[in-house]
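I opened a new structure today and kept notes as I went.

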Amino acid sequence: MGSLSCLLMVILPLFYTVAFACSNGVCSRLLDECSSDGDCSAGLYCSSCPFGFIGSRCVRSSITDQFKLINNSLPFNKYAFLTTHNAYAIDGEPSHTGVPRVTFTNQEDSVTQQLNNGVRGLMLDTYDFDGEVWLCHSFGGECHDFTAFEPAIDTLKEIEAFLSANPTEIITIILEDYVQAPNGLTKVFTNAGLMKYWFPLSRMPRNGQDWPLVSDMVAQNQRLLVFTSIKSKEQSEGIAYQWNFMVENQYGDGGRKSGICPNRGESSPLDDKSKSLVLVNYFRTTPLKLITCEDYSGDLINMLNTCYGAAGNRWANFVAVDYYKRSEGGGSFQAVDTLNGKLICGCDDVHTCVPGSTSQACSKK
Ligand SMILES: *[C@@H]1O[C@H](CO)[C@@H](O)[C@H](O)[C@H]1NC(C)=O
């Protein structure tokens, strides 16, 4: 081969990429090379995965909205939701205490960005700190000025703004709760303007029944589900105790061992069907941003299959991850599309469910 054609073979693909970049009217597609987010089609962003692929490529950055693609007329527990672990522990969050923060992060986007990209479950750690409720990393149930992220009200106000702007969406908040101040949570949820969306404890099924229909939750504007890890708050504040309604696998490295899906200590065994919701954790004990992209490809789907079996043939409703946008292509978004396909119509991907169909026929796509 002549050196000229050799040269063309090397440089032509580069021209191709440039010629079809978004800025020239046509956008790069999944796994095409890119140099900035603006090169990628809607729903994708430009990212790298050093051990997964060479250079920067367009990978998914947002979810398929299952309610809009299919419908919202099934019970809440027949859908799956992307969930961010430690949703508040965000890179670049400035210190609000005057003391530089010395702790790890789990996410890269603001809570508003997470919600706009389709995250619908938020795991938050709540503490008494400085006379208020704060979101914080800590040990032994105590928040310190060097581990505090922000006052909970700030994040709750972002959630309020999203629910207000998106009147058919539902958000679930799962609290690792260390707040001891009497009515501390009630006060902060009230001050954030969130009580008007509150899904009442009395409507949550306790014996394995289906949840209300999403369409009904939307019609009644009961679009915020809040779970606490403190049992007594059901009595004192009417806030659902998570383990009465949900089963959950082990978190951290203990939840990433291929082929097994043990329950975390606080949860009933996964196959306890008196709890109608199933949550699968899939993140490392120590978050490692650069290799996270590889975790959310085959490994996550495999674990969802393993946990399906462990949960008595029930697909997860919530998938909790760190750095939710990191992937080699479809990542956590593809995993949730798979879960919604399974839950809604028995197909491997929600895109292959035939809208409105009651049959289990999966369309070819
Ligand atoms: C909503 O979609 C499901 C799954 O395809 C289907 O079984 C159900 O009949 C649909 N409901 C309406 C009202 O279209």
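These entries cover helix packing, backbone angles and a few single residues.

**Ground rules.** I am working from a predicted model, where local features need pLDDT of at least 70, side-chain atom pairs count only at pLDDT 80 or more, and totals for chains, interfaces and linings use all residues. Residues are numbered from 1 along each chain as its sequence is written. Helices (H or I, at least four residues) and strands (E, at least two) are DSSP runs, numbered from the N terminus.

**Entry 1: helix α5.** Which residues of α5 are buried? I looked through residues 184-191 and found G184, L185, V188 and F189. Buried means that 20 or more other C-beta atoms, placed from the backbone, lie within 10 Å of the residue's own; 12 or fewer means exposed, and anything in between is partly exposed. The four sit on the same side of α5, because they cover an arc of only 120° around the axis. That arc is taken from the directions from the helix axis to the C-beta atoms. The spacing makes sense to me: an α-helix has 3.6 residues a turn, so residues three or four places apart point the same way.

Next I asked what the buried residues of α5 pack against. The list is β4 (121-129), β5 (132-136), α4 (152-165), β8 (224-228) and α7 (233-237). Contact here means C-beta atoms, placed from the backbone, within 7 Å. After α5 comes G193, with a positive phi near 80°.

**Entry 2: α4 against α5.** I took one of those partners further. The axes of α4 and α5 are 9 Å apart, and the helices pack at an angle of about 50°. Axes are lines fitted to C-alpha atoms, for helices over the stretch in contact, and angles run from 0 to 180 degrees between N-to-C directions. The pair is therefore oblique. The classes are: under 35 degrees roughly parallel, over 145 roughly antiparallel, 65 to 115 roughly perpendicular, the rest oblique. From α4, the contact uses A152, I153 and L156; from α5, it uses V188, F189 and N191. I sorted these residues into 5 nonpolar, 1 polar and no charged. Nonpolar covers Ala, Val, Leu, Ile, Met, Phe, Trp, Tyr, Cys and Pro; charged covers Asp, Glu, Lys and Arg; the others, Gly among them, are polar.

**Entry 3: α9 against α10.** Helix α9 (residues 298-310) packs on helix α10 (residues 331-345) at about 30°, with axes 9 Å apart. That makes the two roughly parallel. On the α9 side I noted L300, I301 and L304; they meet S332, A335, T338 and L339 in α10. By class, this contact has 5 nonpolar, 2 polar and no charged residues.

**Entry 4: positive phi.** Most residues other than glycine have a negative phi. N313 has a positive phi of about 60°, and its place is the loop between α9 and β12 (318-321). Y323 has a positive phi of about 40° and is found in the loop between β12 and α10. Is each one buried or exposed? N313 is exposed, with 9 other C-beta atoms within 10 Å. Y323 counts as buried, with 25.

**Entry 5: two distances.** H144 lies in the loop between β5 and β6 (148-151). It is partly exposed, with 17 other C-beta atoms within 10 Å. Its C-alpha is 9.8 Å from that of V99, 45 residues apart along the chain. Q235 lies in α7 and counts as exposed. Q235 and F162 are 73 residues apart in sequence and 29 Å apart in space, C-alpha to C-alpha.

Technical notes
Contact = placed C-beta atoms within 7 Å.
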